[in-house]
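Q: Could you walk me through this structure step by step?

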Amino acid sequence: MIACTFGRADAWLGWNDATPDDRPLASLIEVLRFGAGAYTRLLRNG
């Protein structure tokens with residue numbers, strides 16, 4: 001079976017312009033802070 005999709009050559013140009021740039025280190029720090037806060041609440045209330 002063969003499936004084909006037809007469209008304009010410029011249909012996808014600029015589709016990602018509104019997306020902010022990736023910041024992997026900042027994301028890692030955010031995840032670690034979230035986890036540390038969860039453990040802190042667990043120890044405080046558990």
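Q: How many buried residues are there in α1?

A: Helix α1 is hardly covered, since the count of buried residues among its 22 residues is zero. Buried means under 20% relative accessible area, exposed means over 50%, and partly exposed lies in between, with a 1.4 Å probe and protein chains only.

Q: What kind of model is this, and how are residues numbered?

A: It is a predicted model, in which local features need pLDDT of at least 70 and side-chain atom pairs count only at pLDDT 80 or more, while totals for chains, interfaces and linings use all residues. Residues are numbered from 1 along each chain as its sequence is written, and side-chain values use heavy atoms, with hydrogens and water left out.

Q: Back to the chain, then: how many helices and strands does it have?

A: The chain has one helix and zero strands, where helices (H or I, at least four residues) and strands (E, at least two) are DSSP runs numbered from the N terminus. Along its principal axes, the C-alpha trace of the chain spans about 60 × 30 × 15 Å.

Q: And how far does α1 reach?

A: From its first C-alpha to its last, α1 reaches 32 Å, which is close to the 32 Å expected at 1.5 Å a residue; the expected span is 1.5 Å times one less than the number of residues.

Q: What about V31, is it buried or exposed?

A: V31 sits in helix α1, which covers residues 24-45, and V31 counts as exposed because its relative accessibility is 56%. V31 and L42 are 11 residues apart in sequence, and their C-alpha atoms are 17 Å apart in space.

Q: Where is G37, and how accessible is it?

A: G37 is also found in helix α1, and at 21% relative accessibility G37 counts as partly exposed.

Q: Which residues make the nonpolar surface patch?

A: L25, L28, I29 and L32 make a nonpolar surface patch of about 400 Å². Patches are made of residues with over 30% relative accessible area and no salt bridge, with nonpolar side chains (Val, Leu, Ile, Met, Phe, Trp, Tyr) joined within 5 Å and like charges within 9 Å. Areas come from the Shrake-Rupley method with a 1.4 Å probe. I29 is partly exposed, because its relative accessible area is 38%.

Q: Why might residues a few places apart point the same way?

A: An α-helix has 3.6 residues a turn, so residues three or four places apart point the same way.

Q: Switching topic, how many salt bridges are there?

A: The count comes to one salt bridge, meaning a side-chain nitrogen of Lys or Arg within 4 Å of a carboxyl oxygen of Asp or Glu. The side chains of R8 and D10 meet in a salt bridge, at 2.9 Å from N to O. R8 counts as exposed at 60% relative accessibility, whereas D10 counts as partly exposed at 39%.
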